[in-house]
2 protein chains.
Amino acid sequence: MKRMILGACLVLSTAIATTPTGAQTSSVATLDPALVEQAAKLRAKGLSDQQGYKLIEGLTTEIGPRLAGSDREAAARQWALKTLKDLGFETARIEPFTMDGWARGVETARIVGEAVQPLHITALGGSVATPEDGITAQVVRFTDLYELEAAPKGSLDGKIAFVDLKLYRSQDGSGYGNTNYIRGNSPSVAAQKGAVGVLIRSVGTDSHRFPHTGGTRYKDGIAKIPAAALSNPDADQLARLLERGTAQVHMTLTPKALGPVQSGNVIAEIKGTEQPEKIIVIGGHLDSWDLGTGAVDDGAGVGITTAALKLIKDSGFAPKRTIRLVLWGAEEVGLLGARAYAEAHKDELADHVIAAESDFGAGRVWDFRTRVGEEDLPFTNAIHRQLRPLGIGRGANDAGGGPDVIPLRMAGVPVAALYQDGTDYFDLHHTANDTFDKIDLADIQQNIAAYAVFAWLAANLDVEFRPQADAPEQAGTQN
Amino acid sequence: MKRMILGACLVLSTAIATTPTGAQTSSVATLDPALVEQAAKLRAKGLSDQQGYKLIEGLTTEIGPRLAGSDREAAARQWALKTLKDLGFETARIEPFTMDGWARGVETARIVGEAVQPLHITALGGSVATPEDGITAQVVRFTDLYELEAAPKGSLDGKIAFVDLKLYRSQDGSGYGNTNYIRGNSPSVAAQKGAVGVLIRSVGTDSHRFPHTGGTRYKDGIAKIPAAALSNPDADQLARLLERGTAQVHMTLTPKALGPVQSGNVIAEIKGTEQPEKIIVIGGHLDSWDLGTGAVDDGAGVGITTAALKLIKDSGFAPKRTIRLVLWGAEEVGLLGARAYAEAHKDELADHVIAAESDFGAGRVWDFRTRVGEEDLPFTNAIHRQLRPLGIGRGANDAGGGPDVIPLRMAGVPVAALYQDGTDYFDLHHTANDTFDKIDLADIQQNIAAYAVFAWLAANLDVEFRPQADAPEQAGTQN
Ligand SMILES: [Zn+2]
Ligand SMILES: [Zn+2]
Ligand SMILES: [Zn+2]
Ligand SMILES: [Zn+2]
């Protein structure tokens, strides 16, 4: 079960790559010429693919918003199942699981007093409700969660805490971790100080009037208080008023906890011809937040990885190992589908060779990162060689792999990440503005080409990618 | 009262400008060197002005949305009056008038059936309501108003007409006329064909999920049917569904006609030292639509022209003729403040020398256009020479002058237009997204410099600008 010895590889020999000037660089395994040729064909087909774009169009147009556990997520599963069967994946199936549902209600806010005007807010996922006629309270602004943590106990009695840290723009979304953390943790911290509600600046890089939703959570034993995000312009407005003096806000949120509801993962695969029990996983998540139609998050990932699987199927090439597509359910509310998948497949996780999720929007892939055993880097470098013509760089061996592969990674499964350009991702992420018109055909095609090449090569190398000893777990997820 | 004879000009002599190659171009009057020096000082001060930006910040932060005839428009008048008095314009005053009020209500829509999902809509200004529980109807799409006009009578019985023409992007907003026309005229045309409601694609160039409001109207003797705009992504969605077959929409609009309410114009001025009865008018409109905070439409115009007046006042220069600032009320709902101003001042309209409104957003001025008598073009060309260092070109002599100067222009008053770069204007126009963060300080400063130079020179030339015979009226307004 541990990694195979390099010398035993059937189609590979290792070689030391040299730069034009002759300096030694990272090792790159030499691929069988047939694999190289197949990769080139998949690249070319991917770059003219029409299927992936059409899938995203279909999911967003015919289903639209598909909140975890809702009827619309169920409709999305049926849509996916039918679509996969129509594409020729006869064994496509749904793996259901149960979860606790939540539904958005009314969400309104306004500044009270002389500067009365509406504020655009949205409840954070999982938030409790205010009383039906809302709460009116003074607002106290904190420029970061650390400031809120430092506030004396009781200092926010009867008040609303406003945590106002803006997400900075980056290609790899590196600012998301911090602000995501604030979204998740502010309610319980604020409640400990006596606050009756929380407003956060949206975790978003845009200056549109769309508030960004996203999950929050409550710590056990601490009062649960309603929590919402302000759009960036509304956070600016509140900050400007607070610079002039005090500000009061009236806020009404009426979300509901629904108790147990159904969700599920949708799975399809191309069975391996030589080692069908060995599995390469690619996929995206089928659920979306309810405000937009989930085009970039994560209709794109669904379309890209489904189209990549179909491309390989239609190429007539038969992979040695199984390539499995997983369309996870209920990602947005805590990786519930990912956990259910890991639990349901726990007996075959040791045979999961490598996993990669597409869940960072619809931009071009610009960087290929992995998290594999050091000894197998020459093979991932060889895969990268076949991605390089798509304009993809070779990043570090510290990949997260996408949120839904976290439970797999925790169980020791190697992962890869085809990093998409996320410069604009957080302009749209978790807003009503995440709609199909934001999808660019050429960018989707480049993604499909990259996933097809990656999955094809990973399925045909006789490499297990597992490190000799598991590397320490690192944080980092962009759901 | 008719234009003065060139030879009688006190500070001007005419000259023929030549290009470097010696070819003759338009005539440019030579300005008194003192005026040129004063213009240079105003330009420099304008480019470092802090007042205008602060005024826009104040109006949007402290008042926010200020729908014509509402309490908030009244608050904006009080804000403007106090602000002008604080700036030293002791004779600042409100000129009230009465109008018919309208208030927005609930506005929701969704696709009915298998592809059920919400649509983002907003009632057009002046729209009647649906029944309180809405209407459900099949949607029929028309790619232009002409198509709708060509539909047989009765062909839309019980249906919703969807007029789907997209506004194209342009620097001078030249596409707005057509689409604005569709917004205003679709309801009565659709009603004549039997429709029970109208949806139009937003008059907007963005691909955001914000629907754009704006006034519509009903023809006498034709049934009034509810009318709303879809955001561009929602119009795309509906069009995609209609390509697949039929689509039903459930739509609820509950706006209300309010009967007679108060509005008003706010006026301030610097009295002329030699011919105080002669008036140069600059200004913007104080009202805004209710969805955003009216930063670019028309907080910018208010801030720019108020700051320009203040700049001239603080310069210590005394104009020969009066420079009057008019902050019109109720522009958005039919130029009501502009009509009220023209009526209230009808006895002095013959002494209105030239008028210019800033109402095309917050972008830089790139073109100077006029509508003056041919004989006075050398003088407007001389003014342009002093605008040219601000990066402003000299456009044609066919200016509209801004919506609120239309009634003045109709009464024979010459107009000028400092055309702002409107490339992005219709991304924000009449949406919730029209907020202060969209304002750029440097762009506002350039506008202030341009208005100060224009108003100063116009007030100190002994030219009346009136054509010998009135030119035929042309269309063209961007409110
Ligand atoms: Zn996601
Ligand atoms: Zn997400
Ligand atoms: Zn307007
Ligand atoms: Zn306007």
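A: Let's start at D298(B), which sits in helix α7 of chain B (helices are DSSP runs of H or I of at least four residues, strands are runs of E of at least two, both numbered from the N terminus). The peptide bond leading from D297(B) into D298(B) is cis, with omega near 5 degrees. This is a predicted model, where local features need pLDDT of at least 70 and side-chain atom pairs count only at pLDDT 80 or more, while totals for chains, interfaces and linings use all residues. Residues are numbered from 1 along each chain as its sequence is written, chains are lettered from A and ligands numbered from 1 in the order in which they are written, and side-chain values use heavy atoms, with hydrogens and water left out.

Chain A has a cis bond too: D297(A) and D298(A) are joined that way, with omega about 5 degrees. D298(A) lies in helix α7 of chain A, residues 295-315.

Back in chain B, what does α7(B) pack against? One partner is helix α2 (residues 51-63) of chain B: the two axes come within 8 Å and cross at roughly 140 degrees (axes are lines fitted to C-alpha atoms, for helices over the stretch in contact, and angles run from 0 to 180 degrees between N-to-C directions). That's why α2(B) and α7(B) count as oblique to each other (under 35 degrees is roughly parallel, over 145 roughly antiparallel, 65 to 115 roughly perpendicular, the rest oblique). The crossing of α2(B) past α7(B) is right-handed, meaning the near helix is turned clockwise from the far one by less than a right angle. On the α2(B) side, the residues in contact (heavy atoms within 4.5 Å) are Q51(B), G52(B), L55(B), I56(B), L59(B) and T60(B). From α7(B) come A295(B), G299(B), A300(B), V302(B), G303(B), T306(B) and A307(B). Sorted by class, that makes seven nonpolar, six polar and no charged residues (Ala, Val, Leu, Ile, Met, Phe, Trp, Tyr, Cys and Pro are nonpolar, Asp, Glu, Lys and Arg charged, the others, Gly among them, polar).

Now hop over to α2 in chain A, residues 51-63, which meets a helix of chain B. Its axis and that of helix α6 (residues 232-244) of chain B come within 10 Å and cross at roughly 95 degrees, so α2(A) and α6(B) are roughly perpendicular. In α2(A), E57(A), G58(A), T60(A), T61(A) and E62(A) touch Q237(B), R240(B), L241(B) and R244(B) in α6(B). This contact has one nonpolar, four polar and four charged residues.

How do the two chains relate?

α9(B) passes α12(B) in a right-handed crossing. I383(B), Q386(B) and L387(B) of α9(B) contact A450(B), V453(B), F454(B), L457(B) and A458(B) of α12(B). The tally here is seven nonpolar, one polar and no charged residues.

One last stop: F465(A), in the segment after α12 (441-460) of chain A, has a positive phi of about 70 degrees although it is not a glycine.
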